[in-house]
Amino acid sequence: MGDRTAVLAPYRAVLASRVRAQRSHRASFRLDLGSSMLVGVVELAEIAVLFLTVDRLGGLDLAAIVLVFGIADLSFSLADTVFGHCDNLPTYLKAGTLDVFYLRPQPLLAQLVTSDISLRRLARAFVGLVALVAGLVVNDVAWSLGNVALLVLAVLSGIATFSAMFVWAGGMQFFLVDGYEATNAFVYGGRYAATQPASVWGRPLVVVFGFFFPMAFTAYLPALTMLGLPGGDWLPGWLGWLAPVAAVWAWVLALAGWRIGVRHYQGGGG
Amino acid sequence: MSGGTIIETEGLGRDFRVREGMRRRTVVALDALDMRVEAGEAVGYIGANGAGKSTTIKMLCGILVPTRGRVVTCGLRPVPDRRRLAREIGVVFGQRSQLWWDLPTQESFRILAAVHGLSPEQERGRTAELVERLELGEFLTVPVRQLSLGQRMRAEVAAALLHSPRLLVLDEPTIGLDVLSKQRLREFLVAERREHGTTLLLTTHDMGDVERLCDRVLLVDRGALVYSGTLAGLSRTVGAERVMVLDLAEPVPPLEVAGTTHRGSEGGSEGRSLRQRLAFDPEATTAARVLAAVTEQLGDDNEVLDLAIEEPDVEDVVRRVYAARR
């Protein structure tokens, strides 16, 4: 046990300092929290506005969409809190500060992930949580053991899948100078796609966000399973149970991408 | 594992592929380096910009994978054993801070102690020692971003030494520092090495650093080692000159002294000046002989008030070595 605390101590020390730093600037932290929450609310409102003109979208009504949005946004915001600053990698690369990580006896990726934590993004998670609870209530989802298990599974897998996206995008930065805009298209595009019913996606989107980056598995498919709805020919309803499989796949992708990126940076071929 | 070889490279080389428009070109940053640094040595690693110094250091630390050759640092292979090597080496990159810029300096030390897994006693003892020796006490509670360059550099050195590494690598540690800060840092490094026997490898453009700190210099040119030995020996091989700066009581026309070359004058007017610079070859004559000749020339009405000897700077020596090789 003493061993485990010793292993985690370096990460805890850095994270604790980040938390203290953010809390020491109270006014700006509150402002950050506020703006972060506002963005979440606006995105939720966007969906509501869409439903002023249509009754159903991709086979889902507004209530179902709110549930999808809730699961996706809660998972994404939590992943963003912990992994979001992988976006900063290009800055580290340009300033050469990544080299400093090499001088410390921890794995590079673990150091990068624990180099910061964005508490303000928890405000977004709160919006997601509210939407999720609202979604559960308005859809009258039964509190069966199966549904509770599915919900927990979906949120945990969703966090893992979105986190993997951040790591994958980080790995790509080693190749793409100033490439975070390109990878953001996948990360934030993926987040957006995850809050929408996958049945309205075009074919290219299905390939990219249905399977390659398994965004459909983070919210849409578990929601379908929970609501007992059919998901179209190519996405049967029970697929929601496979969310953890999708998360594992996303991490395989992420770690491979990261590894290739680091190899490229160090110049060991690859 | 106290003695032995700390750094050993054999035919170490590194290429970079750069893209120029559509074409790719291979640039050789380091060709084939053979070098050896024994435990407890202090070695100056010098060479022009682009000679491959930083590339070498990155390969010694495990940041870059060598394109060819072999490198062993502290008995470890830098890239596969990077995490173990991190406990054995401390590195200060002149331009990249390893401190947390928005935190008080002491907070960075606390985090780094956790990073290196120091026990509370080790942390307390070592921090106290470094704080005292590097005179960090006055700004321990000041956020790093508010430190002066001299203060920050001392804090960086302390950060690199916190885990008592066997090898300390300094990349341009005194660049931009004022005279006093330079001196403090050098004095500290000398004391630290005396106390702990830390091996030192430093790259610098400052001759003073090499003179005060290093037993030996390694000179790289076009990615290969061209000299290994004492600094004096290096200056001798290229016939680098020393410059005597004379401050006179009365302005005189440019002095003409046998065995010296006039290198400009300042102060005064109408072709007469107070401060004059004479370059001489230390192999051919001595400072005392030059001074005697000057005093004789000045006669009884004038005298030398003050004098200083300027040593050849690293750039100059390096330039001469390079010129001789081409």
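How many residues of chain B are in contact with chain A, and how many does chain A bring? Chain B puts in 25 residues and chain A puts in 20. Keep in mind as you look around that this is a predicted model.

On the chain B side, the elements that give two or more residues are α2 (82–85), β5 (89–93) and α3 (105–115). Helix α3(B) gives the most, with five residues. If you sort the chain B side that touches chain A by class, you get 13 nonpolar, five polar and seven charged residues.

Now zoom in on chain B itself. Chain B is divided into domain 1 (41–63 + 89–236) and domain 2 (240–325). Notice that domain 1 is written as two stretches of sequence, 41–63 and 89–236. The C-alpha centres of the two domains of chain B lie 35 Å apart. Their contact takes 15 residues from domain 1 and twelve residues from domain 2. On the domain 1 side, two or more residues come from each of α7 (207–213), β8 (216–221), β9 (224–229) and α8 (231–238) of chain B. The largest share belongs to α8(B), with three residues. By class, this side of domain 1 of chain B has eight nonpolar, four polar and three charged residues.

What about the inside? The largest nonpolar core has 78 residues, and those with the most contacts inside it are B:Ala158, B:Val169, B:Leu201 and B:Leu219. Helix α5 (residues 149–161) of chain B gives the most to this core, with seven residues. Why does the core lie between the two domains of chain B? Domain 1 and domain 2 of chain B both give residues to it, so that is where it lies. For a close-up, pick B:Val169: leaving out residues up to four places away in sequence, it touches B:Ile57, B:Leu60, B:Ile89, B:Val91 and B:Leu201. There is also a second, separate core of 61 residues, which includes A:Leu67, A:Ile159, A:Val187 and A:Ala219.

Next, look for the strands. Strands of a sheet pair through backbone hydrogen bonds, and they can do this in a parallel or an antiparallel way. In chain B, six strands form an open sheet in the order β5-β6-β7-β3-β8-β9, with mixed pairing. The edges are taken by β5 and β9 of chain B; each has a single partner strand, so one side of each is left without a neighbour in the sheet. On average, and ignoring direction, neighbouring strands of this sheet are turned by 15° against each other.

Further into that order you'll find strand β3 (residues 42–46) of chain B, which pairs with β8(B) in the parallel sense over four bridges. Here B:Ile46 stands opposite B:Leu219 of β8(B). You've met B:Leu219 already, as one of the residues with the most contacts inside the largest core. Helix α10 (residues 314–325) of chain B lies across β3, β8 and β9 of chain B, and it runs at about 50° to β8(B).

One last stop is a pair of strands in the antiparallel sense: β11 (residues 260–266) and β12 (residues 273–280) of chain B, joined over five bridges. B:His262 has B:Leu278 in β12(B) as its bridge partner. Together β11(B) and β12(B) form a hairpin with six residues between them. In the turn sits B:Gly267, with a positive phi of about 75°.

Terms used
Residues are numbered from 1 along each chain as its sequence is written. Chains are lettered from A and ligands numbered from 1 in the order in which they are written. This is a predicted model: local features need pLDDT of at least 70, side-chain atom pairs count only at pLDDT 80 or more; totals for chains, interfaces and linings use all residues. Two residues are in contact if their C-beta atoms, placed from the backbone, lie within 7 Å. Ala, Val, Leu, Ile, Met, Phe, Trp, Tyr, Cys and Pro count as nonpolar, Asp, Glu, Lys and Arg as charged, and the others, Gly among them, as polar. Domain bounds come from an automatic or database domain assignment. A nonpolar core is a set of buried Ala, Val, Leu, Ile, Met, Phe, Trp, Tyr and Cys residues joined through C-beta atoms within 7 Å. A residue is buried if 20 or more other C-beta atoms lie within 10 Å of its own, exposed if 12 or fewer, and partly exposed in between; C-beta atoms are placed from the backbone. Two strands pair if DSSP finds at least two bridges between them. Axes are lines fitted to C-alpha atoms, for helices over the stretch in contact, and angles run from 0 to 180 degrees between N-to-C directions.
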